[in-house]
Amino acid sequence: MTSPLTVSREGNLARIQMDDGRGNALSTTMLQELGRAAREVVDADAVLLSGRPRVFCGGLDLAEVVPMPRQALLEFMYLFHDTFRALLALERPLVIQAAGSAVAGGAVLLCCGDLRLGAQDSGVVGANEAQLGIPFPVTAFEAVRAALDPLQASRALLFGELVDKGEALARGYFHELVAPTDLEETALARARQAALIPSSASAPIKRDLRRETLRRVDEQRVTSTEAWVDVWIAPTAQARLQKVLAGLKKK
């Protein structure tokens, strides 16, 4: 099976490029490969994570996940946890290059970045799980809370709004927006600069920044995952999810 992402090196900079040919949905395969990539690049001095030219990440692969029975869903969500924890735990700067939309789990993935650059395009951004009646597993919750200031994090998590790129910049999802044609060059330049920061500074700083986040993630891994799964498989949530899935199939 062809991997939905590639990992490459440019000296002490590692690049992870997601491209499944569609919406870069977080399928089992994508999560497995992202986790593998995160473990593979731990020795890099900086990491640049990018999506496709027209979409960063569309969130969970609903076609795969919605029909899952409870045990399979639990296993999937533990994989989600382990993958996102590995990204959050990287001890060097993680630069995100996001063209197009970053929705639901895609917005959470965006929030894992230490420096987040987006394209000035028609994409939308937001962790919209609350709109579907779905809570956040602890790893996703903590990623958003770590990235946004408290006022914007509570707004993002509670209301699940999808916003355009300009508003996403104002709310803190991005540090900078650039023209689509300049995004890759700008993100690469920022990542190269980040790779020059001595590890004697970046590693302990990153560990301190993430210490409490990772502690909460680890403490709540089981209880949060089981609670999330129970809500996901409940009839009311399944009805909403089936409606969303049907709409996606029409596109």
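I counted a salt bridge when a side-chain nitrogen of Lys or Arg lies within 4 Å of a carboxyl oxygen of Asp or Glu. This is a predicted model, so I kept its limits in mind: local features need pLDDT of at least 70, side-chain atom pairs count only at pLDDT 80 or more, and totals for chains, interfaces and linings use all residues. Residues are numbered from 1 along each chain as its sequence is written, and side-chain values use heavy atoms, with hydrogens and water left out.

**Salt bridges.** My search of the whole structure returned 24 salt bridges. I looked at E161 and R171, whose side chains meet in one at 2.7 Å, N to O. E161 sits in the loop between helix 6 (150-159) and strand 9 (163-164), and R171 in helix 7 (residues 165-171), so the pair ties together parts 10 residues apart in sequence. Helices (H or I, at least four residues) and strands (E, at least two) are DSSP runs, numbered from the N terminus.

I then checked accessibility. Buried means under 20% relative accessible area, exposed over 50%, and partly exposed in between, with a 1.4 Å probe and protein chains only. R171 is buried at 10%, whereas E161 is partly exposed at 29%. I also noted a network of salt bridges linking R155, E161, E167 and R171.

Next I took E212 and R215. Their closest N and O atoms are 2.7 Å apart in a salt bridge. They are three residues apart in helix 9 (residues 199-219), so about one helical turn separates them. I read 38% for E212, partly exposed, and 36% for R215, also partly exposed.

**Helix pair.** How do helix 3 and helix 5 cross? The axes of helix 3 (residues 70-88) and helix 5 (residues 138-147) come within 9 Å and cross at roughly 25 degrees. Axes are lines fitted to C-alpha atoms, for helices over the stretch in contact, and angles run from 0 to 180 degrees between N-to-C directions. Helix 3 is therefore roughly parallel to helix 5, a label for angles under 35 degrees. From helix 3, F80, H81, F84, R85 and L88 make the contact, and from helix 5, T139, A140 and A143. Contact means heavy atoms within 4.5 Å.

**Backbone angles.** I found a positive phi, near 50 degrees, at N24, which is not a glycine. N24 lies in the loop between strand 2 (13-18) and helix 1 (28-40) and is buried at 0%. A104, not a glycine either, has a positive phi of about 55 degrees. A104 is buried at 14%.

Terms used. Parallel < 35°, antiparallel > 145°, perpendicular 65-115°, else oblique.
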